[in-house]
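Reader: I have a structure open and want to learn how to read it. Can we go feature by feature?

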Amino acid sequence: MPTTLFALLAREAAGSRRDIFLAVLISAAANTAILVIINNAAAALGKGAPDLRDVGLFLVALALYVLGLRYTFDSATRIFEHMLATIRIRLMAQIGHAELMALQKVGRARIFQAITQDLVIISESQGLLVAAAHSAVMVSCTGLYVLTLSMPAFLIIVGVIGAGVMLYLSRMAELNRLITASTTEEIGFIGMMSDLIDGVKEVKLSHARREALLAEIRSIAVRLRDIKMQTTSVYNSTALFSQSFFYMLLGLIVFALPSLVSGFAQHAPEMVATVLFIFGPLSTVITAVPAISKADRAAGSLIALEGEVSRMVTVPESIQPPAPLSFRRTLTCKAIEFSYPGEAGETFHIGPIDLTIRQGEITMFVGGNGSGKTTLLKVMAGLYPALAGALLIDGKPVAPGRRPNLRELFGGIFSDLHLFSKLYGITPDTDAIAAHLDRMRIADKVGYDDGFTTRDLSTGQRKRVAMLVTLLEDRPVLVFDEWAAEQDPEFRHYFYEELLPELKAAGKTLLIATHDDRYFGVADLVVKMEMGVVASTRRRKAMA
Ligand SMILES: Nc1ncnc2c1ncn2[C@@H]1O[C@H](COP(=O)(O)OP(=O)(O)OP(=O)(O)O)[C@@H](O)[C@H]1O
Ligand SMILES: [Mg+2]
């Protein structure tokens, strides 16, 4: 029984299943009725013309069979696709709301596997599930029919089929183990494939790197191949077993049962017809089992992934946009601490950090690579949750549940920025866009027409486009994490000497991570980081 898949269906499509059960029951019973009517009519053929009542019953049974099955297939498709769309949309929404750190831990390969494979497997299984359910009910009804013909024959046939099914299920356990192993290898393969595609330039530059990477990919592919071959071999031998099993059953009915069970010989033709009749449905059930159990496992991994992803959403975000906190004077870190969760003690820790940023000032975060500048800015912007200490705005602590509101204060560009194809969440004002493109001196390279005309840009250009997005978004606190690192000297000068003072004059609070020591003078406050703590702070001599 695909219990996990049924659990998923029960959770997502409650209420709409009773009609389907009823339709399956009706169509399967009608299917068996067709057999009974045909068998009876065939037996009566010698006595003259077919009874019109039988013809009428036959047509009614046929109609019920077709309509019932048709209804079941249509409803199942509707329910499944509805459920899958809901899951797809919900999973994306959860990812959109997930904690950054937790999302990195789950990894892209697992999410890709869920969306590109698990959902597809479940979608493809629905037709088989309906056919198998119909066939299973039909086979059971046929069993009842056999029972009315001969009790001993019923017991023997059920016993033999039962033994066959037990043998079959024991093979299925082996098959399941193999399929789980191949899923793990597939996830590993997708991860390596992403690495290869993302790192194709590094790969192209080094023969040794390419060969080493490809060797690892090859070894996963070979392991995957071997598991797949083993899986198919077990699957094929199982399918062959179930086929030959049927022939054995027919042999039993014709050669053995008449001498074993008294009075059976007269029913032998009906029994043969019956077994031939259920041969198709029974093989449908049997051959559907691997696909359905695959869908069952896919449902399991989907439920597990959803569970993990929903646990990442520590602060449930409402549909309503979170109101930005009011920020007038200070943004304070009070004994703030944060660590990256690591596997084996190699975690990087920042804090405790005590620091006060004043509204409307330019604060620069300086210090060596890996000293924790980016990490601290991400904690301050509410992207990472502080493990200890508190963030205070105008002296009031920001409660953990208010981190979404805190984030609404922040705009800016981190060094690992992503440029979306459109200005999502910003109502574009054509004139403002044109003015900013001009100001960023990329108007000749990229335009905006329901989306950026190109994203094939140099890193420095991409950062200028990101600056345009940030300026349009117009948040009170702006974070620029090494924004100027890829800019030419002229534009770097423009950034520090014109743009930042201009933003400051407009009342923005600016948090800048930088290595550009020749522009440290632009800052009101310079915070020097060393190994995750604030080593020193230097305030510009009072000017105003
Ligand atoms: N996602 C992550 N998971 C685990 N550790 C991380 C992660 N991101 C950064 N680190 C670790 O945190 C430390 C600080 O990194 P951070 O990016 O804050 O430094 P930084 O001061 O901004 O350096 P840079 O000047 O190179 O940008 C590094 O040693 C890095 O290994
Ligand atoms: Mg950094």
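Reader: How much of residues 55-73 is helix, and how far apart are the end C-alpha atoms?

Author: Helices (H or I, at least four residues) and strands (E, at least two) are DSSP runs, numbered from the N terminus. Residues 55-73 are 100% helix and 0% strand, with the end C-alpha atoms 27 Å apart. This is a predicted model: local features need pLDDT of at least 70, side-chain atom pairs count only at pLDDT 80 or more, and totals for chains, interfaces and linings use all residues. Residues are numbered from 1 along each chain as its sequence is written, and side-chain values use heavy atoms, without hydrogens and water.

Reader: Which annotation covers residues 55-73?

Author: An unreviewed UniProt entry lists them under "transmembrane region", along with others including 20-43. UniProt positions follow the numbering used here, feature names are shortened, and annotations may be inferred rather than shown by experiment. Residues 20-43 are also 100% helix, with end C-alpha atoms 35 Å apart.

Reader: What does Met467 contact beyond its sequence neighbours?

Author: Contact means heavy atoms within 4.5 Å. Leaving aside neighbours within four places in sequence, Met467 touches Ile413, Met440, Phe480, Trp483, Phe495 and Leu499.

Methods. Chains lettered and ligands numbered in written order.
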